[in-house]
Amino acid sequence: MINFNGTIIPNNSNSLVQNRAFLYGDAVFETVKIIDAKILFLEDHYFRLMSSMRVVRMEIPMNFTMEYFEKQIIDLAKAKNLENSARARITVFRNEGGYYLPVNNTISFLINAESLENKLYSIDQKEYQVDLYTDFYVTKQLLSSIKTTNKILNVTASIYANENDLDNCLLLNDSKNVVEALQGNVFMLKGNKLITPPISEGCLNGVMRKQILALAKKIENLEVVEEIISPFDLQKADELFITNVIKGIQPISKYRKKEYATDLANILVQKLNEFISIA
C-alpha cells in the first residue's frame with residue numbers, strides 16, 4: 001500500500017511509485033518540431049539522444065535506430081492528426097528497480113505530442129525582457145550539455161522570472177559567466193561579431209544552436225565565434241537572442257536599462273525558413 005495525497009491505496013494503482021525518472025531524474029529527453037510529417041533536424045536530434053543515453057550509461061536497444069525513432073514519433077503525430085505542424089517530446093528513462101544503483105540499464109520511453117500554430121519560424125515583435133538569475137548556477141560539466149529530466153534550476157528560475165514580470169532569465173555558470181537562457185541557447189552580437197558560449201562553459205548542446213552557427217557563418221562580413229560571455233558584455237551588445245528548435249529565434253529587446261536591435265535575428269530567421277523549406 002502507499003499513501004497518495006492522504007489516501008491509502010494499492011501500490012500498483014500509481015505508475016510513479018517505482019519510476020526512476022520520477023524518483024531520481026534518471027531520464028533524458030528530446031523535443032522535436034514536426035512539419036508535414038517530417039522531423040526537422042532528425043539526425044541531430046537522434047544522435048544527441050543516443051549520446052545522452054551513453055553518457056548516463058543507459059542500454060540502447062538494438063532496434064532503436066534513427067528510422068525507429070522517427071517512426072515512433074510520427075506515428076503518434078498522425079494518430080492525433082498533428083503531422084501538419086507539431087511539437088513532440090520523447091522521454092527515455094531507465095527501467096524500475098534499485099535505488100541510486102539501478103538493477104539494470106534497460107530503458108523504456110514515453111512520447112507525447114501537441115499542435116503548433118505555425119509551420120515556419122517567425123519573430124514576435126513584442127517586448128521581451130530578461131535579467132540574470134543568480135540564486136543557483138549551471139555547472140561546467142558534460143551533464144549540463146545534455147537534456148536530462150533534472151531541470152529544477154530551470155523550473156525555479158522560471159518562477160523567479162514570472163514573479164518579476166520577466167519574459168526569461170539568463171543563467172550563469174559557476175564561473176559567473178552567461179551560459180544560456182531558460183529554454184535555449186543565447187547569442188550576442190557585438191559589432192560584426194556573433195558570439196555564443198562554448199559547450200565547455202556548461203550550456204546545452206542545442207540542435208538549433210548548431211543550425212544558427214552554420215547559417216551565420218555564411219553571412220558576409222560577420223565573424224562567428226564561440227567565446228565566454230560575461231554579464232558585463234551584455235550592456236555593450238547590439239543584439240541578444242535566444243534559440244531553440246520550437247521557437248527558432250527569440251530576440252531579447254531589453255536587459256535592465258539596455259535595449260537591443262533585432263536586425264540580425266530577422267535575417268537569420270529568414271535564412272532558417274529558407275533552409276527548412278528546401279530540406
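Modeller: For the classes used below, Ala, Val, Leu, Ile, Met, Phe, Trp, Tyr, Cys and Pro are nonpolar, Asp, Glu, Lys and Arg are charged, and the others, including Gly, are polar. On that basis, the lining of the largest pocket holds nine nonpolar, ten polar and seven charged residues. The model is a predicted one.

The largest pocket has a volume of about 580 Å³. Its lining consists of 26 residues, and F29, K147, L182, Q183 and G184 are the closest to the pocket centre. Several elements contribute two or more residues to this lining: among the strands, strand 3 (27-35), strand 5 (85-94), strand 9 (178-181), strand 10 (184-190) and strand 13 (239-244). The helices that do so are helix 2 (42-55), helix 4 (152-163) and helix 5 (207-216).

The second largest pocket has a volume of about 500 Å³. It is lined by 23 residues, with L143, S144, T148, N150 and K151 nearest its centre. At least two lining residues come from each of strand 3, strand 7 (129-138) and helix 4. By class, the lining of the second largest pocket has 13 nonpolar, seven polar and three charged residues.

Next, the helices. Two packed helices are described by the angle between their axes and the distance between the axes. The contact brings D44, H45 and R48 of helix 2 against V207, K210 and Q211 of helix 5. Its residues are one nonpolar, two polar and three charged.

Helix 2 also packs on helix 3 (residues 66-79), where the axes come within 10 Å and cross at roughly 110°. These two helices, helix 2 and helix 3, are therefore roughly perpendicular. From helix 2 the contact takes L42, E43, H45, Y46 and L49, and from helix 3 it takes M66, F69 and E70. Five of these residues are nonpolar, one is polar and two are charged. H45 takes part in the contacts of helix 2 with helix 5 and with helix 3.

Helix 5 in turn packs against helix 7 (residues 263-278) at an angle of about 105°, with the axes 10 Å apart. That angle makes helix 5 roughly perpendicular to helix 7. On the helix 5 side the contact uses M208, Q211, I212, L215 and A216, and on the helix 7 side L268, K271, L272 and F275. Here the residues divide into seven nonpolar, one polar and one charged.

Note on methods: Residues are numbered from 1 along each chain as its sequence is written. This is a predicted model: local features need pLDDT of at least 70, side-chain atom pairs count only at pLDDT 80 or more; totals for chains, interfaces and linings use all residues. Side-chain values use heavy atoms; hydrogens and water are left out. On a 1 Å grid over the protein atoms alone, a cavity is a set of points where a 1.4 Å probe fits but cannot get out, and a pocket is an open set with protein on both sides within 12 Å along at least five of seven lines; lining residues have an atom within 4 Å of a point. Grid points are joined across faces, edges and corners, and a volume is the space filled by probe spheres set on the points. Helices (H or I, at least four residues) and strands (E, at least two) are DSSP runs, numbered from the N terminus. Contact means heavy atoms within 4.5 Å. Axes are lines fitted to C-alpha atoms, for helices over the stretch in contact, and angles run from 0 to 180 degrees between N-to-C directions. Angles under 35 degrees count as roughly parallel, over 145 as roughly antiparallel, 65 to 115 as roughly perpendicular and the rest as oblique.
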